[in-house]
Amino acid sequence: AKRTVGSIAKQALDTLVSCFTPAIPAIAGSGMIKVLVVLLSYAGILDSASSTYTILNTIGDGIFYFLPFIVAINAARKMNVDVFLSVVLAAIVMHPNLAALGEAGSSVSFLGLSMPIMDYSAQALPIIFGVWLLKYVDKFADKISPKIIKVFLRPMIDLLIVAPVILLIIGPAAI
């Protein structure tokens, strides 16, 4: 059956929505905590310089900052991909060593290529596209990995292909 542009767009939108829908209650609750913190601060009940303010704001901000992890889980479920490898991709882009390589927007050399330093906190699209790529790379890695060493070779191939593609191409294009 020939797929139309409309059906492809509908499928893409369905996938995007599926990556967020299960997290809506957590996102809504966290957002309301952030609203409460602002209201308490505005009313003079909570000092914005206090540690209580910082802790409450962090409670409300946690899901937004670490959104790549939440999205990775939901994308993996939607695309029938290994959840743990998907979360590892989120962990790679969120790893503090990457941010420590330079200021966001600067570039470093990776395999002789210029890799932009990006802030992946609160970003969803790089991980959604990364998990989509993982789906296809994993089929390839599974096919070429000998059974006796598949348990570590397949995920190694997956990560060595997908993570650099996210860092060099998908991430910079999707943010």
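The conversation below takes the terms in turn.

Modeller: A word on the source: this is a predicted model, in which local features need pLDDT of at least 70 and side-chain atom pairs count only at pLDDT 80 or more, while totals for chains, interfaces and linings use all residues. Residues are numbered from 1 along each chain as its sequence is written, and side-chain values use heavy atoms, with hydrogens and water left out.

Biologist: What makes Asp-138 and Arg-154 a salt bridge?

Modeller: A salt bridge requires a side-chain nitrogen of Lys or Arg within 4 Å of a carboxyl oxygen of Asp or Glu. The N to O distance for Asp-138 and Arg-154 is 2.4 Å, so the pair qualifies. Asp-138 belongs to helix H7 and Arg-154 to helix H8 (residues 150-174), 16 residues apart, and the pair thus links distant parts of the chain. Helices here are DSSP runs of H or I with at least four residues, strands are runs of E with at least two, and both are numbered from the N terminus.

Biologist: Why are Asp-138 and Arg-154 called buried?

Modeller: Buried means under 20% relative accessible area, exposed means over 50%, and partly exposed lies in between, with a 1.4 Å probe and protein chains only. Asp-138 has 19% and therefore counts as buried, and Arg-154, at 17%, is buried as well.

Biologist: How do you know that Asp-61 and Lys-34 form a salt bridge, and are these residues buried or partly exposed?

Modeller: The closest N and O atoms of Asp-61 and Lys-34 are 3.6 Å apart, which is within the cut-off, so the pair counts. Asp-61 lies in helix H3 (residues 51-65) and Lys-34 in helix H2 (residues 24-42), 27 residues apart. Asp-61 is partly exposed because its relative accessible area is 30%, and Lys-34, with 24%, is partly exposed too. The whole structure has 5 salt bridges; one of them joins Asp-142 to Lys-150, with the closest N and O atoms 3.1 Å apart.

Biologist: What makes Leu-13, Leu-16, Val-17, Leu-125 and Phe-129 a nonpolar patch?

Modeller: A patch is made of residues with over 30% relative accessible area and no salt bridge, where nonpolar side chains (Val, Leu, Ile, Met, Phe, Trp, Tyr) are joined within 5 Å and like charges within 9 Å. Leu-16, found in helix H1, has a relative accessible area of 32%, so this residue passes the area cut-off. Together the five residues have about 410 Å² of accessible area, as computed by the Shrake-Rupley method with a 1.4 Å probe. H1 gives the most to the patch, with 3 residues.
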